[in-house]
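Please read it alongside the sequence and the structure.

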Amino acid sequence: MKIKEFILNFINFLFDCQDRFYKRKLENSGLKKKSSKIKVTSHETLNFSCELNQKKEKAKEEIRNLAKKNLNEIKNLLIYAEKEGAKTYYIKNASLKLKPIKESVGFIFPKTGLNALYLNFLTRKKISFKTSEMFVFEDENLKMTDVIYNFYKWYFFNKKIEGYFENSSYLVKNIDELEKINFENLNLEQVIDLKQAISADREGMEFVINFIKETSGIKNAYNVLKEGENGASL
């Protein structure tokens with residue numbers, strides 16, 4: 001967990017610097033970015049940030065309330081998501097079987113094309129080039145932290161909050177692969193997308209740890225951190 005947090009914080013700092021560089025470059029060019037995600041003026045940026053933070057805090061509070069109501073049956077969160085269209089699949093050796101499409105167990109974004117074809121055959125034994133969002137786990141014996149963390153990601157995606165879209169997370173499916181990214185080839189939008197995805201992943205982990213502190217005490221939160229260092233999902 002400590003190593004992963006260090007990497008996330010370092011990369012976030014790196015993109016803060018690169019973000020400012022590209023914004024200056026964009027402003028000096030006289031061009032306007034069409035994407036609604038990128039705001040050049042300080043006033044627009046402030047308004048966007050405030051609105052985004054409000055959405056995040058509202059979503060976090062809603063997740064917190066749902067999780068607290070279902071502490072004894074935490075998998076009810078997956079049932080909640082399924083009613084909204086996100087099915088859950090339990091597949092033996094799922095982590096190994098998902099590697100060909102560079103996915104991990106847990107929440108998976110909607111897919112199209114060959115990746116969707118592979119995922120459909122794996123989960124439903126059907127041929128289709130399109131999938132909806134879903135959860136894939138290795139078995140039904142799930143830890144509370146795994147359920148809440150992945151439900152958190154789904155919930156933010158479902159609410160269409162920045163940083164929780166396929167196009168803004170495709171570069172950080174596996175934090176260990178960040179070192180392979182050629183940052184010099186990233187354009188402004190990709191830099192912003194990647195920064196948002198990294199922040200989103202970090203915020204999800206922090207939410208789970210804080211939730212465990214609230215409901216089970218600091219000792220259990222410490223155990224969550226230790227599990228993360230030993231290779232757990234957090």
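## Pairing of the strands

In this predicted model, strand S1 (residues 87-90) runs parallel to S5 and is joined to S5 by 4 bridges. Lysine 87 has methionine 134 as its bridge partner in S5, while tyrosine 90 is partnered there by phenylalanine 137. Strand S2 (residues 106-108), by contrast, pairs with S5 in the antiparallel sense over 3 bridges, and in this pairing the bridge partner of glycine 106 is valine 136 of S5.

Together these elements make an open sheet of 3 strands in the order S1-S5-S2, with mixed pairing. S1 and S2 are the edge strands, each pairing on one side only, and the twist from one strand to the next averages 25°.

## Helices on the sheet

Helix H5 packs on the sheet, where it touches S1, S2 and S5, and its direction makes about 60° with that of S5. Helix H6 (residues 144-158) also packs on the sheet, touching S2 and S5, with a direction about 25° from that of S2.

## Side chains of S5

In a regular strand, side chains alternate between the two faces of the sheet. In strand S5 (residues 134-137), Met134 and Val136 point one way and Phe135 and Phe137 the other, and all are buried.

## A nonpolar surface patch

Leu114, Ile127 and Phe129 form a nonpolar patch on the surface, and their accessible area together is about 390 Å². Isoleucine 127 belongs to the loop between helix H5 (113-124) and strand S4 (130-131). Isoleucine 127 counts as exposed because its relative accessible area is 72%, and the cut-off for exposed is over 50%.

Conventions
Residues numbered from 1 in each chain as written. Predicted model: local features only at pLDDT ≥ 70, side-chain atom pairs only at ≥ 80, totals over all residues. Heavy atoms only, no water. Patch = residues over 30% accessible without salt bridge, like charges linked within 9 Å, V, L, I, M, F, W, Y side chains within 5 Å. Areas by Shrake-Rupley, 256 points an atom, 1.4 Å probe, with all protein chains shown as cover. Salt bridge = Lys/Arg side-chain N within 4 Å of Asp/Glu carboxyl O. Helix = DSSP H or I, 4+ residues; strand = E, 2+ residues; numbered from the N terminus. Buried < 20%, exposed > 50% of the residue type's maximum accessible area, 1.4 Å probe, protein only. Pairing = 2+ DSSP bridges. Axes fitted to C-alpha atoms, helices over the stretch in contact; angles between N-to-C directions. Contact = heavy atoms within 4.5 Å.
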